[in-house]
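Q: I am new to this structure and would like to learn how to read some of its features, one at a time. Could you take me through them?

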Amino acid sequence: MNYDLKQFESDIQSLNEQWGNPTLDPVVMSEDEIWQGLQRQYNVTLEEIKEIGSGIESRNHNEVLDGIVDGLFTLVRFISLTRNMYNVEGAMKAVVDNNKLKCSTNVDYFDKLGYKSEYTVTGTEFLTTGRTWYCLKNENGKVCKYDNFPTVELSGFIRKY
(Lines give C-alpha, C1' and ligand atoms only; values in the text may rest on other atoms or scores of the structure.)
Protein backbone atom coordinates (compact mmCIF):
# COMPACT_ATOMS: atom_id res chain seq x y z
CA MET A 1 0.00 0.00 0.00
CA ASN A 2 1.36 3.41 -0.94
CA TYR A 3 0.87 6.00 1.76
CA ASP A 4 1.77 9.58 1.02
CA LEU A 5 1.74 12.99 2.65
CA LYS A 6 -1.68 13.84 1.18
CA GLN A 7 -3.25 10.71 2.76
CA PHE A 8 -1.40 11.45 6.01
CA GLU A 9 -2.84 14.97 6.01
CA SER A 10 -6.35 13.65 5.37
CA ASP A 11 -6.03 11.08 8.17
CA ILE A 12 -4.76 13.73 10.59
CA GLN A 13 -7.73 15.96 9.80
CA SER A 14 -10.17 13.06 10.27
CA LEU A 15 -8.61 12.00 13.55
CA ASN A 16 -8.70 15.53 14.93
CA GLU A 17 -12.37 15.81 13.99
CA GLN A 18 -13.03 12.51 15.81
CA TRP A 19 -11.08 13.78 18.81
CA GLY A 20 -13.16 16.96 18.94
CA ASN A 21 -10.27 19.27 17.98
CA PRO A 22 -11.90 22.00 15.93
CA THR A 23 -10.56 23.86 12.95
CA LEU A 24 -9.84 27.47 13.89
CA ASP A 25 -12.49 29.69 12.36
CA PRO A 26 -12.24 33.47 12.73
CA VAL A 27 -15.85 33.83 11.64
CA VAL A 28 -17.16 32.08 14.76
CA MET A 29 -14.20 32.29 17.18
CA SER A 30 -12.76 35.25 19.01
CA GLU A 31 -9.23 36.40 18.35
CA ASP A 32 -8.22 35.11 21.80
CA GLU A 33 -9.63 31.65 20.97
CA ILE A 34 -7.67 31.64 17.69
CA TRP A 35 -4.37 32.55 19.37
CA GLN A 36 -4.98 30.06 22.20
CA GLY A 37 -5.64 27.31 19.65
CA LEU A 38 -2.44 28.14 17.78
CA GLN A 39 -0.49 28.20 21.06
CA ARG A 40 -1.86 24.78 22.08
CA GLN A 41 -0.85 23.24 18.75
CA TYR A 42 2.59 24.86 18.96
CA ASN A 43 3.09 23.45 22.48
CA VAL A 44 2.10 19.95 21.35
CA THR A 45 4.42 20.21 18.33
CA LEU A 46 7.34 21.40 20.43
CA GLU A 47 6.83 18.52 22.86
CA GLU A 48 6.92 16.00 20.00
CA ILE A 49 9.99 17.57 18.36
CA LYS A 50 11.86 17.31 21.66
CA GLU A 51 11.38 13.52 21.43
CA ILE A 52 13.74 13.52 18.46
CA GLY A 53 16.44 15.16 20.59
CA SER A 54 15.87 12.69 23.42
CA GLY A 55 16.17 9.82 20.98
CA ILE A 56 19.40 11.21 19.56
CA GLU A 57 20.84 11.72 23.05
CA SER A 58 19.98 8.14 24.05
CA ARG A 59 20.92 6.80 20.58
CA ASN A 60 17.50 5.20 20.30
CA HIS A 61 16.39 4.90 16.67
CA ASN A 62 12.86 3.94 17.68
CA GLU A 63 12.48 7.14 19.71
CA VAL A 64 13.95 9.28 16.90
CA LEU A 65 11.55 7.78 14.36
CA ASP A 66 8.61 8.18 16.73
CA GLY A 67 9.56 11.81 17.29
CA ILE A 68 9.88 12.44 13.56
CA VAL A 69 6.46 11.00 12.76
CA ASP A 70 4.74 12.56 15.78
CA GLY A 71 6.41 15.90 15.02
CA LEU A 72 5.32 15.69 11.41
CA PHE A 73 1.81 14.72 12.56
CA THR A 74 1.53 17.81 14.74
CA LEU A 75 3.06 20.13 12.12
CA VAL A 76 0.79 18.83 9.36
CA ARG A 77 -2.13 19.34 11.76
CA PHE A 78 -1.50 23.08 11.40
CA ILE A 79 -2.74 22.80 7.78
CA SER A 80 -6.23 21.59 8.67
CA LEU A 81 -6.27 23.61 11.89
CA THR A 82 -5.81 26.87 9.97
CA ARG A 83 -7.48 26.08 6.63
CA ASN A 84 -10.09 28.81 7.25
CA MET A 85 -7.33 31.33 7.90
CA TYR A 86 -4.38 30.52 5.65
CA ASN A 87 -3.66 29.15 2.20
CA VAL A 88 -0.81 27.00 3.51
CA GLU A 89 -0.28 25.21 0.19
CA GLY A 90 0.17 28.51 -1.65
CA ALA A 91 2.54 29.75 1.04
CA MET A 92 4.49 26.48 0.82
CA LYS A 93 5.08 27.04 -2.89
CA ALA A 94 6.12 30.66 -2.30
CA VAL A 95 8.62 29.59 0.38
CA VAL A 96 10.08 26.86 -1.86
CA ASP A 97 10.43 29.33 -4.74
CA ASN A 98 12.14 31.79 -2.38
CA ASN A 99 14.46 29.08 -1.03
CA LYS A 100 15.52 28.19 -4.57
CA LEU A 101 17.30 31.56 -4.58
CA LYS A 102 19.68 30.15 -1.95
CA CYS A 103 21.54 28.03 -4.51
CA SER A 104 23.34 28.50 -7.79
CA THR A 105 25.45 26.56 -10.27
CA ASN A 106 27.84 29.55 -10.31
CA VAL A 107 30.53 29.29 -7.62
CA ASP A 108 30.99 33.09 -7.63
CA TYR A 109 27.27 33.83 -7.16
CA PHE A 110 27.54 34.51 -3.42
CA ASP A 111 30.77 36.51 -3.67
CA LYS A 112 28.94 38.99 -5.88
CA LEU A 113 26.00 39.22 -3.47
CA GLY A 114 27.93 39.19 -0.21
CA TYR A 115 27.37 37.07 2.89
CA LYS A 116 28.35 36.78 6.55
CA SER A 117 31.94 35.75 7.15
CA GLU A 118 30.89 32.76 9.27
CA TYR A 119 29.12 31.18 6.29
CA THR A 120 30.88 28.84 3.89
CA VAL A 121 30.16 28.36 0.20
CA THR A 122 29.48 24.65 -0.13
CA GLY A 123 29.16 22.70 -3.37
CA THR A 124 27.31 19.49 -4.10
CA GLU A 125 28.10 17.66 -7.33
CA PHE A 126 25.35 15.65 -8.96
CA LEU A 127 26.92 12.72 -10.74
CA THR A 128 23.86 12.15 -12.93
CA THR A 129 24.06 15.63 -14.47
CA GLY A 130 27.65 16.58 -13.80
CA ARG A 131 26.45 19.90 -12.35
CA THR A 132 27.56 21.32 -9.04
CA TRP A 133 25.14 23.37 -6.98
CA TYR A 134 26.45 25.86 -4.45
CA CYS A 135 24.86 27.30 -1.31
CA LEU A 136 25.86 29.04 1.89
CA LYS A 137 26.01 27.00 5.09
CA ASN A 138 26.71 27.82 8.69
CA GLU A 139 28.72 25.68 11.10
CA ASN A 140 25.66 23.48 11.80
CA GLY A 141 25.11 22.78 8.10
CA LYS A 142 22.03 25.02 7.88
CA VAL A 143 21.56 26.62 4.47
CA CYS A 144 21.77 30.39 4.96
CA LYS A 145 20.78 33.59 3.17
CA TYR A 146 23.12 35.92 1.33
CA ASP A 147 23.16 39.67 2.04
CA ASN A 148 19.91 41.46 1.20
CA PHE A 149 18.13 38.16 0.53
CA PRO A 150 14.56 38.89 -0.61
CA THR A 151 11.86 38.31 1.97
CA VAL A 152 9.13 35.92 0.93
CA GLU A 153 5.81 37.78 0.90
CA LEU A 154 3.14 35.63 2.57
CA SER A 155 0.43 38.20 3.35
CA GLY A 156 -1.43 37.22 0.18
CA PHE A 157 -1.92 33.73 1.65
CA ILE A 158 -3.77 34.98 4.73
CA ARG A 159 -7.48 34.69 4.08
CA LYS A 160 -9.58 37.79 4.59
CA TYR A 161 -12.50 37.31 6.96
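Q: Which charged end sits over the ring of phenylalanine 149?
A: In this predicted model, the charged end belongs to lysine 102, and it sits over the ring of phenylalanine 149 at 5.7 Å from the ring's centre.

Q: How many aromatic pairs does a search of the whole structure find, and what describes a pair of aromatic rings?
A: In general, a pair of aromatic rings is described by two quantities, the distance of the centres and the angle of the planes. Here the search of the whole structure finds seven aromatic pairs. In one of them, tyrosine 109 and tyrosine 146 have ring centres 5.9 Å apart and planes at 85°, and because an angle over 60 degrees counts as edge-to-face, this pair is edge-to-face. The two tyrosines come from distant parts of the chain, 37 residues apart, with tyrosine 109 in helix 5 (residues 109-113) and tyrosine 146 in the segment after strand 4 (143-144).

Q: Are tyrosine 109 and tyrosine 146 buried or exposed?
A: Tyrosine 109 is partly exposed, with a relative accessible area of 24%, whereas tyrosine 146 has a relative accessible area of 10% and is buried.

Q: What is the angle between the ring planes of phenylalanine 110 and tyrosine 146?
A: The planes of phenylalanine 110 and tyrosine 146 stand at 50° with the ring centres 6.3 Å apart, so this pair is tilted. Phenylalanine 110 lies in helix 5 and tyrosine 146 in the segment after strand 4, so the pair ties together parts that are 36 residues apart in sequence. Phenylalanine 110 counts as buried, at 0% relative accessibility.

Q: Which residues do ring pairs link into a cluster?
A: The cluster linked by ring pairs consists of Tyr3, Phe8, Trp19 and Phe73.

Q: At what angle do helix 2 and helix 3 pack?
A: Helix 2 (residues 31-57) and helix 3 (residues 61-81) pack at an angle of about 165°, with their axes 7 Å apart. Angles over 145 degrees count as roughly antiparallel, and the two helices are therefore roughly antiparallel to each other. Their crossing is left-handed, and the contact of helix 2 with helix 3 has, by class, eleven nonpolar, eight polar and six charged residues.

Q: What is phi of arginine 59, and where is the place of this residue?
A: Phi of arginine 59 is near 55°, a positive value in a residue other than glycine. Arginine 59 is found in the loop between helix 2 and helix 3, and it is exposed, with a relative accessible area of 78%.

Notes
Residues numbered from 1 in each chain as written. Predicted model: local features only at pLDDT ≥ 70, side-chain atom pairs only at ≥ 80, totals over all residues. Heavy atoms only, no water. Phe/Tyr/Trp six-rings, centres within 6.5 Å; stacked < 30°, edge-to-face > 60°. Helix = DSSP H or I, 4+ residues; strand = E, 2+ residues; numbered from the N terminus. Buried < 20%, exposed > 50% of the residue type's maximum accessible area, 1.4 Å probe, protein only. Lys NZ or Arg CZ within 6 Å of the ring centre and 35° of its normal. Axes fitted to C-alpha atoms, helices over the stretch in contact; angles between N-to-C directions. Parallel < 35°, antiparallel > 145°, perpendicular 65-115°, else oblique. Left-handed = near helix turned anticlockwise from the far one by under 90°. Nonpolar A, V, L, I, M, F, W, Y, C, P; charged D, E, K, R; others polar.
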